[in-house]
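Q: Please walk me through helix packing. How is a pair of packed helices read?

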Amino acid sequence: MFDALSERFERLGTSLRSRGRLSDDDLDEALGEVRAALLEADVELGVVRAFLDAVRVRLSGEALNQTLSPGQQVIKAVNEQLIEVLGGSALKVTYASKPPTVILLAGLQGAGKTTTAAKLAAWFKQQGRQPYLVAADLQRPAAVEQLRVLGAQVGVDVFSEPTTPVEVARAGLKEATRLGRDVVIIDTAGRLAIDEALMKEVRDLAQVTTPHYTFLVIDAVTGQDAVLTARAFHESLELSGIIVTKLDYDARGGAVLSARGVVGRPIVFASTGEKMADFELFHPDRMASRILGMGDVLTLIEQAERTMDADVIAEGAGRMMSGNFTLDDFLAQLNQVRKLGSLGGIMKMMPGVTKEMRSAANSVDEGELGKVEAIIHSMTKRERREPSIIDGSRRTRIAKGSGTNVNAVNHLLKQFGEMRKMMKQMGSGAGAMPTGMGKMASLAARAQAQRGGALPPGFEALGEGMKSGAMPVRTGPKNKKKKGGRVTPPKQR
Amino acid sequence: MTIVVILLIVVAALTVVGAATVIVARRRRPRGELTAPPRAAMPSVLVPEVAQRPTLETTPTIGQRLGASRGVFDRVRSMASVGALSDEQLDVVEEVLLRSDVGVTTTTRILEELRADGAPEGVAAAVRAALLASLTSERSVTTTASSGRVPVWLFVGVNGVGKTTTIGKLAQRHVDEGRSVVLAAGDTFRAAAADQLEQWATRSGADIVRANEGADPGSVVHDALGRAKARGADIVLADTAGRRANSTNLLDELSKIRRVADRDPGQVVETFMVLDATTGQNALSQAREFLAAAEVTGIVLTKLDGTARGGIVVAIERELNIPVKFVGIGEGVGDLIAFEPEAFVDSLLDA
């Protein structure tokens, strides 16, 4: 998301970078670009104006910084303001001292409430909670059924009965208490904000259930209307936060800024895909660096921590560094990657990935991953350990066995060979990898305490061949190679 | 096979990430210590810091400005300018158009036209004329196919725009007009989508063909065509799963569904892209992608009864020449009506 916005800012960055100092005209021109970019990104007009005013104030109040170029200074101001509007720091979800913690979801029709309810339940389950779903959307045909199916998918019970929404909520809460569940998520009927009857229904629901959190579910593709929606809901419900959905669309997602700007409540969660795992805490500062095209490594690390099998990864990494990486390892890693979500989603979070790569990754489907798997599966154990023994006739056999063609097999082997070479160089070479890993490790360690958007140099080294070029903002001082900063790869038995 | 390259890069990158996290985890976790998830025994409200956070400083200003925009078209209307427009007038027009989601590009073009042509009959009339000039496509709908074939209306769109509901309402409309209808529950992805459509079928008296979740949507459409042919039904309305418009494989799947629907005995006579009026500029790229993948012949603009204006269809019609054919103006079954440009433009400007 925010792709177009980042591109625009990137362009802006380069055109300003060349100039010596920032005149009023320059500033007007730069802010004009920012304005157009924000509007194209569907940020609401009033929010855009307020945003620009604030950036202007920020810039005029500051003495011209000697170490930054004028372009960098504009981008810095835009970035800082962006972080401020997006929320500054993430909202921490805390639990009621007397369970259950009640969460009410509200939003327009089609924003994705029901799916979000299930994803949220899965998220709480992951946190070691016992969530319970209450389907109080009796309006849309089969909404209850949809939640039941999704609930079954994530292994969370769903309560509903064909009475009235208020009755369902009341009974659902009682049932949750009886079962000893500590988080209750209530899905409500989608509504058009102007619909007074339905607004009253959700208000009644809030009154009966006294939710600890009321989240507005908002769609990232929403246009200027996001502001009106958010305000209408906020006025009648007293929202505690916003959940943004469909962040995997190529929409620029300005609605996030708009809603945040007008409601003044943090965006708490973000839904980024169709899979139940495509759901994460929203991190405003990370999002801001994403806007500026800096990738989102911290989210990636967190997701990896949550879904991947650390031992498998560590083993693979060790072998990769020593140059003994086999196709079997590759297969194991591949399975880990697939757990993490869609390739496109992962690529979005990696810094230095070009737009072309991203769209290529988007077009990769499970079927093609399956093909790669099939090719490797069609090899003998020995072939997987020593790909060099694979000659012409073996290739033909593998192609036949996997239902692909020799070209595909050749390609895979060639790429694999090259990657292995690269990895080996990194492992034994000038210490590029260990340094990178040291940075990654310390970054991961810092992740809990401080959600900084710094770029781990390890990624830059790694992605040499796929760099998008100039990063708009230089992070930190030049990278000094210190011996003490190294981290040895995990020992293998 | 660029995919392999990407895969390898991702795998490599993740291996590094994974290794780093493992190292960190091992460092952080002294041996023998339990790693229970942290449970903060906090009161039931938000973290105080967050609860006390003031809203965006400028919020009152936004509020005031929004308040002002309500009557902004009145301001346009009252401008009885002749000849060239002043910058202030153009600013007001720009604001109205932008707030209606018409978009920067289209707004700029309309402003250029206004600047060049002036407003001999007042600003409001000029803006109205400029917008109407963008909405001149042919809007008739086809309900018949070549002889011996069954006409198919195919519905595409992203998630949550109201495809299934639209089909339900249109089914009722066809039945009311004396046609026998077969619904194809081609959304085999979203949980209970077929159930939702079945309820509409029951309500309207249409026939429905459905399959299990995860079934091939193409085969559902194929079966629906078979049933329609066998029973001599007049039309098939085919639902599809909501999909991102930026995913090539999902769009390929859609092309395949379209090909199946267009094969004898079926003939796709209309492909509607269902679009939610609250959608912003992304609608344009949605339209572009769906046009390429499924030869969209018309747009159904839903949820116009909300506060959103759906101005993006002006850009879509202007740039891609896809006409809006129906608009959804309420939840009732009869609340899907033919699109009328004049009424639409008036509501657009009345923001």
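A: Two packed helices are described by the angle between their axes and the distance between the axes. In this predicted model, helix 10 of chain B passes helix 11 of chain B in a right-handed crossing (the near helix is turned clockwise from the far one by less than a right angle; anticlockwise is left-handed). Helices are DSSP runs of H or I, at least four residues, and strands are runs of E, at least two, numbered from the N terminus.

Q: At what angle do the axes of helix 10 and helix 11 of chain B cross?

A: Roughly 15 degrees, and the axes come within 9 Å. Axes are lines fitted to C-alpha atoms over the stretch in contact, with angles from 0 to 180 degrees between N-to-C directions. Helix 10 of chain B is therefore roughly parallel to helix 11 of chain B (under 35 degrees).

Q: Which residues make the contact?

A: Helix 10 of chain B uses Pro217(B), Gly218(B), Val221(B) and His222(B). Helix 11 of chain B brings Lys256(B), Ile257(B), Val260(B) and Ala261(B). Contact means C-beta atoms, placed from the backbone, within 7 Å.

Q: How do I find a buried helix face?

A: An α-helix has 3.6 residues a turn, so residues three or four places apart point the same way. In helix 9 of chain B, the buried residues include Ala193(B), Leu197(B), Trp200(B) and Ser204(B) (20 or more other C-beta atoms within 10 Å of the residue's own, placed from the backbone). The buried residues of helix 9 of chain B fall within an arc of 160 degrees seen down the axis, so they line one face. The arc is that of directions from axis to C-beta atoms.

Q: What does that face pack against?

A: Helix 8, strand 2 and strand 3 of chain B.

Definitions and conventions:
Residues numbered from 1 in each chain as written. Chains lettered and ligands numbered in written order. Predicted model: local features only at pLDDT ≥ 70, side-chain atom pairs only at ≥ 80, totals over all residues. Buried ≥ 20, exposed ≤ 12 C-beta atoms within 10 Å, placed from the backbone. Contact = placed C-beta atoms within 7 Å. Parallel < 35°, antiparallel > 145°, perpendicular 65-115°, else oblique.
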